[in-house]
Amino acid sequence: MSPQQKESLAQEAGTLFRRLFPICRSLTGPGVRQSLEILREVAFFHRHEIPSGTQVFDWIVPDEWRLKRARLWDDQGALLLDSDQNNLHVLNYSIPFDGVVGFAELDPHLHTLPHLPQAIPYRTSYYTRDWGFCLSHRQYEALDRAGRYRVQIETELAPGILDYGDCLTGAEEAPREYLFSTYICHPSLANDNLSGPILWVLLLRALQGRRLKNRYRFVIIPETIGAVAYLACHGHALGRVQGGYVLSCVAGPGILGYKQSLAAFRGAPVLVDRAAMTTLAELDLAHRIYPFDIHGSDERQYSLPAWRIPVGSLHASKYYEYDEYHTSLDNLDFVRPERLVDMLELYLMVVEKLERNATYRSLLPQSEAMLGKRGLYPATGGSLMQPAAAALADHGQRRFLVDAEKTLHGSRIDAMLWLMMLADGQMDLLAIAQQTGIAFSALADAADLLCCHGLLAVAQEES
Amino acid sequence: MSPQQKESLAQEAGTLFRRLFPICRSLTGPGVRQSLEILREVAFFHRHEIPSGTQVFDWIVPDEWRLKRARLWDDQGALLLDSDQNNLHVLNYSIPFDGVVGFAELDPHLHTLPHLPQAIPYRTSYYTRDWGFCLSHRQYEALDRAGRYRVQIETELAPGILDYGDCLTGAEEAPREYLFSTYICHPSLANDNLSGPILWVLLLRALQGRRLKNRYRFVIIPETIGAVAYLACHGHALGRVQGGYVLSCVAGPGILGYKQSLAAFRGAPVLVDRAAMTTLAELDLAHRIYPFDIHGSDERQYSLPAWRIPVGSLHASKYYEYDEYHTSLDNLDFVRPERLVDMLELYLMVVEKLERNATYRSLLPQSEAMLGKRGLYPATGGSLMQPAAAALADHGQRRFLVDAEKTLHGSRIDAMLWLMMLADGQMDLLAIAQQTGIAFSALADAADLLCCHGLLAVAQEES
Amino acid sequence: MSPQQKESLAQEAGTLFRRLFPICRSLTGPGVRQSLEILREVAFFHRHEIPSGTQVFDWIVPDEWRLKRARLWDDQGALLLDSDQNNLHVLNYSIPFDGVVGFAELDPHLHTLPHLPQAIPYRTSYYTRDWGFCLSHRQYEALDRAGRYRVQIETELAPGILDYGDCLTGAEEAPREYLFSTYICHPSLANDNLSGPILWVLLLRALQGRRLKNRYRFVIIPETIGAVAYLACHGHALGRVQGGYVLSCVAGPGILGYKQSLAAFRGAPVLVDRAAMTTLAELDLAHRIYPFDIHGSDERQYSLPAWRIPVGSLHASKYYEYDEYHTSLDNLDFVRPERLVDMLELYLMVVEKLERNATYRSLLPQSEAMLGKRGLYPATGGSLMQPAAAALADHGQRRFLVDAEKTLHGSRIDAMLWLMMLADGQMDLLAIAQQTGIAFSALADAADLLCCHGLLAVAQEES
C-alpha cells in the first residue's frame, strides 16, 4: 500500500471508530443491529437472526437485552451515575430495577477496580439475573456509607433476536476455505473489541475486490454464544475450512503479537500459524508469540474436538496484556487508526501466503538451469533483470503488496537457485522462506517466473 | 500425608535403620536372611531360595558366604582390625585365612582410600577368590613396615542359598504392571543401600492398603546376580510390566535426582520417566536429571535387549554423587529418616500418576460446556465451588495425597476447560499437565468431576 | 599416521603445489591436461574426453580455450600487464583482441578490487564472449586516464575437448559406494582450488592401498560444467552412491569447517554428515558447521532432485570465508602443506566411519555378560587387558589410524557394556558414539572384540 492509501484508510478507520464507539452493544439488542448496519456501509455481508430460546448445543440463546437508561441518585437527588454518560456504568445484561436502597443493600451491586481507581470496569451478568452499576473506585469511595440511594435501571429482557453476519468471498468452488471471525458485543470499548469489526470489514472489502484462489468466510457474531450458535447453524458447511483467524485487539499502542492455534500448542503448527509467524519474522518486527490458551476469544469454540479448526490471531495490544483492558480507559484515545491499517497490511500479507503457498517440482531436475541463456542471469553482477520483470508482468502474477523494486533485488537469483534445488514436492514455499531467510514474496515471484520459463511446475497447492 | 503421619513414619524408618545397619550382609548368607525377616515385620512378601551352582544365563549362583569374624593383630598381640567393630573391615566374600605374615605379604591384601584418610572403604571380591582387609588410610600409615602380623579370617564359602523376596500387590488381573526393585547385599552402609529396602517395604505396605488399578511387583534381591537370577526365574512372567523403579540411595542429605530409563536415553521417555519428572517439576523442587548410564544398579539388567523394561530411579544423594559413597562414612549419621519419608511421598505421587493417568474423550465436543448451569462455574469470581467438591466426594474419587484445599483452588475451571478442549484421546493427563502447568492431581480430579457430570469419558487407560 | 609419515606427505604435497601452481588452467585446455598428468604420477586414474558442442542436459560443452599470452602496454611501450607474469591478469576465457584503445574504451575491460588494492582478482567470462584484464587496484589507479594503450590478447577459442578423470577403488561388488569429487579449473590459485586436487590424489592413493568394504568413486572435473557433464555421462551408474564429499579449500590457515549436505539442511543428516561431524567433535577441534548453501561447488549438481546424492565438504579456510579468496593472494604463501596432510588424516578417519559403522545385535540379551570369565574384565582396576589386545590382533581388525594404546584405555569396558546394552539393531555405532561420548574407534574395536567372543553380531552394515 502507498502512504496515501494508508493515510486514507486510517482516516476511514478513525471515522468508523468515532461512529461506532458510543453505541451500547451487548450479546443481543438494537446496538448490535445498528453497528452491523454501519459496517455494511463499508462492505456487503449477510445478516442472520436467531430467536431467543433456541437451543444451540449445550447453550440456549438468551432473551434480548435492551437498555433505555440506568441512573443512580443520592438522597439529595444528585445524579451520580448515568448510562447516557457512559454505557459501561450499567452492568451489561442488568435486569430492570427501580427503588430506593441503603448503602448496605446497594453495595453488592457496585463494581469497581481498586487497583485502577479512575477507571470504570466493564462487567456482565449474561446468565445470572442480577442488576448493578460499574463505577470508578474514586466515585465509589466518595459515596456516603450512611446515605440512601435512588436506583433506576430501565432495561428490558424479553424474547427477541441474536443478530450476526457473514459473507463468503473468493473462489466459490475452491477446495480450501479460510475463516476470518470477529465479535461484536462489547459496549463503548475501543481496542477490545471495536478494532476487530473495523479491521474485519476493511479486510473483507479488500478481498472482495480481488480474484482469489481460496474461499474466505467472514463471520461477525457476539462472542461465545454467537460462535456456539454459528457452529450449530453452519458447522455442517465448514468441511472445507483449513483454518482461520479471530480479529480482535488490533489497534492498541502495545507490542505486536500472534496467538497460535491449538494445532501449534499440540506441536504441529499449521498453515495459518506459519503464514502469520513468517510474516512477522520477515518484516523483522518486534513481536511476541503467545501459545494457544483456553482463555481468549472464539478460537475456543472453533478449536473444540468436533471442529478442530486451527485459529490464530494477530494483535496490537492483545487482550489481558494491557492495563486498560475491559475498562473505560480502553477508549478512542487508546487506539490508533494507523495501527489498525498496519494490521490490515499484515493480514493481507498473510492472505498472500494462504493464496500463493505451494510445493513445486523441477522440470529440469538433472542439472542447474543455464539461467544466462534465458536472460535470467545478470550480464554483470548486481543489475536488475528487465526480461524477468517483463515476463512476470506479462503473466499477471503480481497481485499483492510487494512492490517491484523489492521483488527484483539480488535475492532473485538465490530464490531461483533454491527453488530449482528443493523442488521435489517436499518443502513448500513457507518452509523454504523460513529455512533460507528469503522473503516469501520473492520466492513466490521467482517460482512464477520459473513456471513461465517451463523450469518449474506446481506439485501441490498447499493446505 | 499429615505432619503427624510423616513424623511417625520417620520414627519407624529410624528404628529400621538402627536395627538393620549393624548386620553384615553380602550377596548371600545369614545377614540377608536376617534382614529380610526384619523387613517382613513391616509388610508381607514372599521369600525365595536359589541353590549355589545354579546357572542363571551367563552367570552361576556363587557359594554362600558366611563371616564369623575377621581380625588382624600386630606382633605384640594388639588387635588392630576386628570385623566385630565394623564389618567393612573384611573384604566382602573374603576366603578364610589364618597365619602370620610380614608386611610385604600383607600389603597387597589391604584396601584404603588415600584421598579420604579417615574412611574405611567397602570392597568386594565376589568372583575372584582372595582374602583381605579394608581400613582407613590413617590406620594403614601407622602400620609398622618391618612388623609381622597375625591374620585370622574366619569365613566360610560353601554351597548354600541365594535368598530374595518378592510380592505382587494391586489389581491381580490388571493389564499393566509396574516394578519396584531394590537390592539387599551391602553390609553396614546406610544410604547405599539400606535406605532402599526401608523405603521399599514402607511403599509396599502403603500400596497393600489401597485399592489400585494396576498391579505392582515388589522385588528385593542381591544386586546384579540377584537381578540376573530373578529374570532367569521370573522373566517369562513379566510380560505385563510396563516399567518400574529401582529404590536406591533415598535418604541422603544431598540434592534430589531422577535417573532416566534407557527409553529416555534413546529419545522416547516413557510413563515411568514422565511420572517421575512431572512430580519433581510440579513440586518445584531443586533436582537433577541424570541420563541412563551403563553404570548403576539393577536397571542395567531389566533394561537389556531381552527385557527392555524401562526403569528409572528417584534419589536423595545418588550413588557416585557423594564422597561418603561406599565408605564407612555412609553411616547412620549420614542419612535422614525424614528425607526417606519425603521420598516415600514422592513415590506415592508417582504411583498416583501411574494409577490415574489416562486419555479422555469429550462427550460434548461441539461447544464449550455451559458450566454455570451445572454449578461448576463460580457465581462470583474466586469463590470455592461447593457443589463440585460434594460431587467429587460422593463418587469417592479422591484416593490420593492431595488435600481438598489444593484441589479446589482457582485452577479447577482452567483444568476443566483444558480437558474439554483437548479430550480427543491424543494427549494424556501427564502431557496436559506438562503443557499447561496445571498440577496433575487437579487435572485428574477435574476429569473425574467431568466424568461424573457426563461431559467426559475415559478414552484409554495409559500404559 | 606417524610424524615421519606426515612430514613426508607434507613434503610431497609441497612439491605438488609448486609444480602445479604456475600452470594456467580453465574449464578446458592444455593446462587441465598437463595438471591431470602430473596428478597421475601420484595415483592412477582414468582420463576421459568430451568434445565441444556436446549437449549435457541444459548446457553445451563450450569451445576449448587456449591462452598463448595476454599483454597490455602504455603508449610509451612500457609493458604494464603480462599473463606470463601472472595468469590471473587475463580474464579467464577472454576472446582474442589486438588493438590500440583509449582509456575510456579500455576501462570497462579492467577488473580490480578496490577494497583489496594490492590483489589481482580472478575473473571469468565463460559464457559471455568478452575480453579483459584483471589487475590490482593500485596498478589501475596509476593508469593515465588520458593515455592510449596497446592490447594484445593472444587466446584461441575453438572446438576441442573437455577433459576429466575418474577412478573406482575399494570393493567392486560392494552394495554401497561413496563419492570423492574435486574440480580442476582454476589458474594460479592455491587454496581454492589447487589444494583440492592434491588432497584428492593423496586420498585416492591411500585408499588404493587398502582392502575396503565399500566402493569409492573418485572424480576430477572442471567445476559446474564438468559436474553436469559427468552426471550426463555417468548418472545412470551412480545408483549405489550413498553420499560423498567435495574436496575443496583444504590447506588454508583458517578455521576448520564442515559444510553439510542438503539432506542435513532438510533436517535429516545422513552418514556422510554424521561421519564428518563426529570426527570433528571427537577430536575436539575448533570448527564451524556450515549449512548447505545454494552457492558452493559441485555438491550443487550432485544434490539436484534427479540425483539427491548427499555431499558435504571438510575445509581448512572455506571459500567465501577468507579475504584472499579468488585473488592473487591465494598463493603458495597462503597454503600450508602440513594442513593439507591434517585434512587427509581427517578424511581417513571419516572413511574409517564409512567402513566400520554398523548396527549390532546382542547374542546374550538376557543378562549382562560375565566379562571376567572371558578375560575381558580387569583383575585389578585400571590395568590393560592383554587377552583383549591379543584377540583383536589375531583377527586383524585394526586396519585404521587409531593406535593400540588409545584403543585399550579404560573406556573399553564402558564401550563393551554400552554395546551389549544397546545392541538391538536400532542405534548404529555413530549414534552410540554421539550419545555416549565414547570415541568411534573404541566402539568399533570393542564391537569387533565382542564379535570374536560370540557375544555380538552385525545386524546391519550401515548405509
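Before selecting anything, note that contact means heavy atoms within 4.5 Å, and that helices (H or I, at least four residues) and strands (E, at least two) are DSSP runs numbered from the N terminus. The model is a predicted one, in which local features need pLDDT of at least 70 and side-chain atom pairs count only at pLDDT 80 or more, while totals for chains, interfaces and linings use all residues. Residues are numbered from 1 along each chain as its sequence is written, chains are lettered from A and ligands numbered from 1 in the order in which they are written, and side-chain values use heavy atoms, with hydrogens and water left out.

**Stop 1: helix 6 of chain B**

Select residues 225–234 of chain B, which form helix 6, and you will find that 8 of its 10 residues are buried (under 20% relative accessible area with a 1.4 Å probe, protein chains only; exposed is over 50%, and partly exposed lies in between). Among these buried residues are I225(B), V228(B), Y230(B) and H234(B). If you then show the rest of chain B, you can see what the buried residues of helix 6 pack against, including strand 10 (161–170), strand 12 (215–221) and helix 9 (299–302) of chain B.

**Stop 2: a serine of chain C**

Next select S367(C), which sits in the loop that joins strand 17 (358–362) to helix 11 (386–394) of chain C. Is S367(C) buried or exposed? Its relative accessibility is 1%, so S367(C) counts as buried. Leaving aside neighbours within four places in sequence, S367(C) is in contact with residues of chain B, namely F57(B), D58(B), W59(B), V228(B), Q301(B) and L304(B).

**Stop 3: where chain B meets chain A**

Now colour chains A and B separately and look at their contact, to which chain B gives 22 residues and chain A gives 21 residues. Together the two chains bury about 2000 Å², 60% of it on carbon and sulfur atoms; buried area is the accessible area (1.4 Å probe) that two parts lose on being put together, summed over both. There are 5 salt bridges between chain B and chain A, each being a side-chain nitrogen of Lys or Arg within 4 Å of a carboxyl oxygen of Asp or Glu. To see one of them, select R308(A) and D424(B), whose side chains meet at 2.9 Å, N to O. On the side of chain B that touches chain A, helix 13 (411–422) and helix 14 (429–436) of chain B each supply at least two residues, and the largest share, 6 residues, comes from helix 13.

**Stop 4: where chain C meets chain A**

Turn to the other contact of chain A, where 21 residues of chain C touch 22 residues of chain A and about 2000 Å² is buried between them, 61% of it on carbon and sulfur atoms.

**Stop 5: the axis**
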